[in-house]
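Here's a quick briefing to read alongside the structure. Keep the viewer open and click through the residues as they come up.

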Amino acid sequence: MKNQKTALLVMDLQNGIVSRFGENQDILKPFQKAVEAARQNHIPVVFVRVGFSEGYPEVSPQNKIFSAMTKTGGMTFADSATRIHDSVEPKPNEPVITKYRVSAFAGSNLEIILRSQKIDSLVLCGISTSGVVLSTLREAADKDFSLTVLSDACLDIDPEVQRILIEKIFPRQAEVQSVNTWIGTLN
């Protein structure tokens, strides 16, 4: 991969989603390592979060994933749950994209930023593997991006779903590598 055409997407590593995995900060180490390696190798880091306006005008009652939130609250732009987790805090020049659905492209300016920077290769990591990573991978593949998924920088609540996606589904459309293997390709 050529550094000037590759970007690392760090998806849904935000307080309200990271907290679902408890206080185990070790789970974030692969993400931190990937972000640091990208920065050291001048690979743009793009952060993606999910968030909504007060009153949830972006949420349809027909949306099974997000409609419950309109009753319970949270995940609005003002809510700390939508802030990128401190362990991978964005630098001032790193975009933080807000999306309104599962895919990083849905309702966001992600594609405009990537195309403006002539990025044609994406390295994906995020929470959850069966949510944002899967949806973004599928859409990015349809948009003809070259893709790499960082297997140990993807988390899912369901270990069996995680295994099937990483071992069987993702390799059909992406290179699947550990963070260390990916870092080895950068030198």
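Predicted model: local features only at pLDDT ≥ 70, side-chain atom pairs only at ≥ 80, totals over all residues.

A residue counts as buried when its relative accessible area is under 20%, as exposed when over 50%, and as partly exposed in between.

**Cysteines**

- How many disulfides does a search of the whole structure find? It comes up with 0.
- Cys125 is in no disulfide, and the nearest cysteine sulfur to its own belongs to Cys154, 6.7 Å away.

**Helix H7 and what covers it**

- Helix H7 spans residues 179-186, and its Val179, Trp182, Ile183 and Leu186 are buried.
- Looking down the axis of H7, you'd see these buried residues fall within an arc of 100°, so they line one face of the helix.
- As a rule, an α-helix has 3.6 residues a turn, so residues three or four places apart point the same way.
- What covers the buried residues of H7? The cover includes helix H2 (29-40), along with strands E4 (121-127), E5 (146-155) and E6 (175-177).

**Salt bridges**

- A search of the whole structure turns up 8 salt bridges.
- One of them pairs Glu111 with Arg115, whose closest N and O atoms are 3.4 Å apart.
- Both Glu111 and Arg115 belong to helix H4 (residues 110-116), where they sit 4 residues apart, about one turn of the helix.
- Glu111 is partly exposed at 26% relative accessibility, and Arg115 is partly exposed too, with a relative accessible area of 38%.
- Lys143 and Glu139 also meet through their side chains in a salt bridge, at 3.7 Å from N to O.
- Lys143 is partly exposed at 22% relative accessibility, while Glu139 is partly exposed with a relative accessible area of 27%.
- Over in helix H6 (residues 159-169), Arg163 and Glu160 lie 3 residues apart, about one turn of the helix, and they form a salt bridge with their closest N and O atoms 2.8 Å apart.
- Arg163 comes out partly exposed at 31% relative accessibility, and so does Glu160 at 40%.
- Which residues do shared partners join into one network? Salt bridges link up Glu111, Arg115, Glu139 and Lys143 that way.

**Aromatics**

- The structure holds 5 aromatic pairs.
- In one of them, the rings of Phe52 and Phe66 have their centres 5.1 Å apart and their planes at 65°, so this pair is edge-to-face.
- Phe52 and Phe66 both come from the loop between strand E2 (45-50) and helix H3 (69-72), 14 residues apart.
- Are Phe52 and Phe66 buried or exposed? Both are buried.
- Phe52 and Phe66 also belong to one aromatic cluster, together with Tyr56, Phe77 and Tyr100.
- Lys143 shows up again here: its charged end sits over the ring of Phe105, 5.4 Å from the ring centre.

Technical notes. Residues numbered from 1 in each chain as written. Heavy atoms only, no water. Buried < 20%, exposed > 50% of the residue type's maximum accessible area, 1.4 Å probe, protein only. Helix = DSSP H or I, 4+ residues; strand = E, 2+ residues; numbered from the N terminus. Arc of directions from axis to C-beta. Contact = heavy atoms within 4.5 Å. Disulfide = S-S within 2.5 Å. Salt bridge = Lys/Arg side-chain N within 4 Å of Asp/Glu carboxyl O. Phe/Tyr/Trp six-rings, centres within 6.5 Å; stacked < 30°, edge-to-face > 60°. Lys NZ or Arg CZ within 6 Å of the ring centre and 35° of its normal.
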